[in-house]
Amino acid sequence: MKTVNVGLIGAGFMAKAHSVAYAGMPMFFWPAPAIPVKKKLVDINEAVAKDAAAKLGFESWGTDWREIIDDPDIDVVDICTPNNVHAKIAIAAAKAGKHILCEKPLSLTTEEAKDMYHAAKAAGVTTMVAFNYRRTPAVQLAKKYIEEGAIGDILDFRGTYLQDWSADPDSPLSWRFQKEVCGSGALGDIGTHVVDMLRFLVGDFEAVNARTATYIPDRPVQSGLADSLGNQKGSANTERRPVNVDDQCCFMVLCKNGAFGTIEATRNAWGRNNYITFEIHGTKGSLAFNYERRDELQVCFASDEDDRRGFRTVYTGPAHPYGEGLWPIPALGIGYTETKIVEMYDFMKAISENRQPDPSFRDGYAIELISEAVLASAVSKKWTKVKSIEE
Ligand SMILES: NC(=O)c1ccc[n+]([C@@H]2O[C@H](COP(=O)([O-])OP(=O)(O)OC[C@H]3O[C@@H](n4cnc5c(N)ncnc54)[C@H](O)[C@@H]3O)[C@@H](O)[C@H]2O)c1
């Protein structure tokens with residue numbers, strides 16, 4: 001069986017998720033399209049790199065991402081760094097002929113996203129952006145219902161991603177609050193996951209009308225580059241510096257196919273942890289999903305008898321998308337890890353078939369164009385057209 005040697009860059013939260021997926025993917029999907037081999041892990045912090053390589057099972061470690069690009073044995077570059085270095089690593093990786101898995105959002109700016117897309121296209125390498133939530137079987141089932149016409153023409157939709165880990169004003173000023181490192185706040189960090197799901201389910205976005213807000217204008221300075229996601233607090237004496245990205249964003253969307261919707265993202269919604277939801281209404285029925293109950297899809301059909309009509313629950317299992325590889329009984333429980341395992345399966349399959357998976361860098365670039373329009377609209381307070389991809 002073909003093996004694929006992986007070099008992973010940035011040894012924080014996502015390095016753990018991706019490493020579990022590399023190890024677990026062949027156990028779920030056998031015969032695996034390729035066997036990933038965890039060759040080398042790099043983090044800018046030497047102690048973190050050394051420790052993470054041992055913990056996550058990499059053969060070697062380093063502190064400079066160029067070691068991975070220059071290593072002829074590496075087939076895949078896996079980018080798990082903060083957003084400010086995605087572009088330079090990905091462009092160098094593409095020029096070196098490596099396949100690339102890049103965490104979301106694809107880049108800091110649309111210009112970077114465009115350059116990443118074109119560099120990968122010119123090199124002919126396989127690319128993927130890690131919008132893993134769309135790989136939840138219930139989300140894939142929603143896509144199947146829509147493609148089969150089960151809910152008719154889509155009229156409108158709503159999507160949310162609500163969290164509360166940054167609602168405390170003393171949670172630190174990590175890279176996720178610094179525009180020069182993250183690009184945007186709640187929008188890029190979590191809103192883009194909902195954008196990806198709704199673009200996948202409903203279709204391309206034509207225009208947006210947005211509002212953004214920064215509720216906590218400054219936060220305590222933190223030491224170190226890794227984000228503790230609100231699990232560490234600054235003391236009363238810690239120096240505070242300004243936040244220059246959105247804590248919250250909310251926008252209306254008009255799709256190219258005429259469907260209308262709203263998307264909301266915040267990391268300051270007390271009581272909400274990973275509240276990713278969507279509801280889609282069509283001429284023949286409705287679909288509703290809540291990631292906090294991610295084994296379930298709620299479906300309602302207009303064709304049901306008047307006295308039976310209402311939402312019912314479909315528990316995903318072996319009969320549903322990816323079910324052949326996941327667990328043998330519905331509702332045993334799909335977790336975050338499974339979404340990453342499925343992501344890795346699709347990425348390895350695309351590499352072995354020499355094609356682009358969804359979402360590729362092209363989709364990542366399209367989502368950067370949507371984010372750009374959202375931020376511009378929040379300033380102009382006007383409907384703003386989403387620019388087209390420059391091929
Ligand atoms: N798909 C998802 O569900 C999901 C979830 C969380 C984060 N993310 C994305 O994953 C990426 C990483 O986020 P995270 O939460 O793992 O971050 P993190 O803060 O936990 O870890 C980032 C690591 O990158 C290292 N690093 C920073 N600059 C580097 C460089 N130039 N070279 C090498 N290492 C460098 C840091 O030292 C740190 O150890 C981000 O793009 C983020 O948006 C995606």
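Axes are lines fitted to C-alpha atoms, for helices over the stretch in contact, and angles run from 0 to 180 degrees between N-to-C directions. Contact between two residues is taken to mean that their C-beta atoms, placed from the backbone, lie within 7 Å.

All of this comes from a predicted model, in which local features need pLDDT of at least 70, side-chain atom pairs count only at pLDDT 80 or more, and totals for chains, interfaces and linings use all residues. Residues are numbered from 1 along each chain as its sequence is written. As for pLDDT, the predictor's confidence in each residue on a scale from 0 to 100, the mean for the protein chain is 97, and 100% of its residues reach 70 or more.

Two strands count as paired if DSSP finds at least two bridges between them. At the β17 end, β8 and β17 pair in the antiparallel sense over two bridges, and valine 208 has threonine 384 of β17 as its bridge partner. On its other flank, β8 pairs with β11, again in the antiparallel sense, over eight bridges, with alanine 213 opposite glutamine 248 in β11.

Next along comes the pair β11 and β12, which run antiparallel and are joined by seven bridges. Here glutamine 248 stands opposite threonine 266 in β12. The two strands make a hairpin with four residues between them, where glycine 258 takes a positive phi near 95°. Strand β12 (residues 260–266) is also joined to β7 by seven bridges, but this time the strands run parallel; glutamate 264 in β12 is the bridge partner of threonine 160. Strand β7 (residues 154–162) in turn runs antiparallel to strand β13 (residues 275–282), with eight bridges joining the two. In that pair, isoleucine 154 faces glycine 282 of β13.

There is another open sheet, this one of six strands in the order β3-β2-β1-β4-β5-β6, with parallel pairing. Its edge strands are β3 (60–62) and β6 (127–129), each with a single partner strand, so one side of each has no neighbour in the sheet. From one strand to the next, the twist averages 20°. Strand β2 (residues 35–42) and β3 run parallel and are joined by three bridges, and lysine 40 has serine 60 in β3 as its bridge partner.

Stepping back, the chain is divided into domain 1 (3–133) and domain 2 (137–333), with bounds that come from an automatic or database domain assignment. Their C-alpha centres lie 25 Å apart. Across the boundary, 14 residues of domain 1 are in contact with 17 residues of domain 2. The domain 1 side of this contact divides into eight nonpolar, five polar and one charged. In this count Ala, Val, Leu, Ile, Met, Phe, Trp, Tyr, Cys and Pro are nonpolar, Asp, Glu, Lys and Arg are charged, and the others, Gly among them, are polar.

Then there is the ligand. Both domain 1 (3–133) and domain 2 (137–333) give residues to the shell around the ligand, so it lies between them. The ligand is surrounded by 25 residues, and the closest are Gly10, Gly12, Phe13, Met14 and Glu103; a residue is near the molecule if its C-beta atom, placed from the backbone, lies within 6 Å of it. The shell divides into 14 nonpolar, six polar and five charged residues.

A few backbone details remain. Most residues other than glycine have a negative phi, and most peptide bonds are trans. A cis peptide bond, with omega about 0°, joins tryptophan 30 and proline 31, and proline 31 sits in the loop between α1 (13–28) and β2. The bond from aspartate 358 to proline 359 is cis too, with omega near -10°; proline 359 is in the loop between α9 (336–352) and α10. Tyrosine 322, although not a glycine, has a positive phi of about 70°, and its place is in the loop between β16 and α9.
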